[in-house]
Amino acid sequence: MNKKQGMQSVVFANPPIITSTANIVGPMEGEGLLQGYFDYIMPDNLNGLASWEQCESYLMEYAIKKAVAKENSEMEDIDCVFAGDLLNQLMSTHFAMKNLKRPFLGLYGACSTMVEGMLLSAILLDGGFFNKIVAAASSHHDAAERQYRFPNELGVQRPPGAQWTVTGSGAVVVSKLGNGPRITTATIGKVVDYGIKDPNAMGPAMAPAAVDTIWQHLQDTERVPTYYDMIFTGDLGSVGRDLVIQLLQEKGVDISANYQDCGCMIYSEEQDAHAGASGCASSAIVLCGFIYKRLMTSKLKKILFLGTGSLHSTTSYQQKESIPCIAHAVSIEM
Amino acid sequence: MHISDLGGQNKKRLNYKIAQHRTYNLKKGDNMTNEINKKQEQTQEKMQQLEYQNKVDNITPKPPLFKNICWAFVVGGLICILGQLIADYFEGLGLSKKDASAYATAILVFLGSFFTGLGLYDDLGKRAGAGSIVPITGFANSIVAPAMEFKREGYVFGVGAKMFVIAGPVLVYGMVTAFIIGLIYWIRQ
């Protein structure tokens, strides 16, 4: 049976179940708007380790172990892990996976990694290949900042449209059997590039990709936005969020009533993060804490969850290339 | 072989050449329309990009220019006043003006580095912007910050190699400018 529907979507015959989630964050995220929705808040961005990169590995290892422990499974029960982060050659993921010793496929989708992992997990589970898969993603503010921008102690002024990379990690266990919300459909995104070159304007760069995927998802599944209780994007920030609403309105789709961006849900105004949060962990920590709890308590029943990634590298923007972006979507229903 | 055959052959050859020329011209024409289409597509894409950039510019919050300028003026001014006070102090101790300003520079560089080390200079820079980047304390910050950050990569490929990632261009173009001005000065003499 062909499970592909429309141009870019799949509808699962036996929708896999998100049986458990876990997250961990740094102190700044811990003081933000989602207090009480984190499994562990680190006292500082090093957590007693020698480097920020090591700390990021720890974040991912913690999130995966915690998610597996929460559903009373052993690491050995996990058939495969899909994970990724922002650092060159997936540095922190690889060191975390070295310790976890599970079959592993590394993903780079920038900040869309979490959804990319969930989407692939769901496909493999529905295909009958595996029983239990973990999808995880992490990012670390200082490690990302030093790789993509400037040294952390440099006295630079960030523009108001800039976003703050989240320190944290989230992991989900997706299973063939069990209790929890189900991944019912998935839409794989295309690379979209509207010519934005400013690496400080990642929300605006990614917004057209999110719009493309939302639009295609609605077309493929023949749904209307109100089918979902909420539509979430990963890390567009306030500027990107407003652009998504505007661009979809121009296409005749109104999502302003039930749409929010995870990047706008993490930091409060006083934390001076400017346009909001970004990074792989932005969507991961919000999904694995706040959103999952809302789904489990049936406060949300149907959501469309998008991971949005800007796929530039330090080399590409120094060579004045524009920022190619991507967005993947999964619908999660209780 | 008869002469008329030759003519026939020549005719054939001529016809063939004409046909070849025609197809060549046709292909050339095709290429031209293709190129025109491509160019049109490119301009359309550029227009779309410009249009989108406009939308982004409209929606992106603008930096609070007046506030930023005030902060830069006050902080930059205070750093300079501090430098002047130090210079005056050393001059008061009996040093020449040149020596006193050299001492003041050294002390300011030390202070910039020190507060970078304490993790305070970037907090100042966040508000003051150019006010704390332009004075010599900012130069110290731009060298100490990467040196601190890359210590974990060792003293050679970390501290040593990365120390000047920010300040390097300033030094290079500073020296180039000095060289050019020196040259002009030398020619005029």
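How far apart do the C-alpha centres of domain 1 of chain A and domain 2 of chain A lie?

Mentor: The C-alpha centres of these two domains of chain A are 17 Å apart. Domain 1 covers residues 4–175 of chain A, and domain 2 covers residues 182–333; such bounds come from an automatic or database domain assignment. The model is predicted, and local features need pLDDT of at least 70 while side-chain atom pairs count only at pLDDT 80 or more, although totals for chains, interfaces and linings use all residues. Residues are numbered from 1 along each chain as its sequence is written, and chains are lettered from A, with ligands numbered from 1, in the order in which they are written.

Where the two domains of chain A meet, domain 1 contributes 59 residues and domain 2 contributes 61 residues (contact: C-beta atoms, placed from the backbone, within 7 Å). On the side of domain 1 of chain A that touches domain 2 of chain A, the elements giving two or more residues include the strands β2 (9–11), β3 (17–25) and β7 (132–139) of chain A. Among them too are the helices α1 (27–30), α4 (113–126) and α5 (141–148) of chain A. Helices (H or I, at least four residues) and strands (E, at least two) are DSSP runs, numbered from the N terminus. With seven residues, α4(A) supplies the largest share of this side of domain 1 of chain A.

β7(A) pairs with β5(A) in the parallel sense, over five bridges (pairing: at least two DSSP bridges between the strands). Within this pairing, Ala135(A) of β7(A) stands opposite Phe82(A). β5(A) also pairs in the parallel sense with strand β6 (residues 104–106) of chain A, here over three bridges. Leu105(A) in β6(A) is the bridge partner of Phe82(A). Strand β5 spans residues 80–84 of chain A, and four of its five residues are buried, so β5(A) is largely enclosed by the rest of the structure. A residue is buried if 20 or more other C-beta atoms, placed from the backbone, lie within 10 Å of its own.

Chain B may be set beside this picture. It has eight helices and zero strands, and 18% of the 189 residues of chain B count as buried. Among the contacts in chain B with a separation of 6 or more, 57% come from residues 24 or more positions apart.

Note on methods:
Buried ≥ 20, exposed ≤ 12 C-beta atoms within 10 Å, placed from the backbone.
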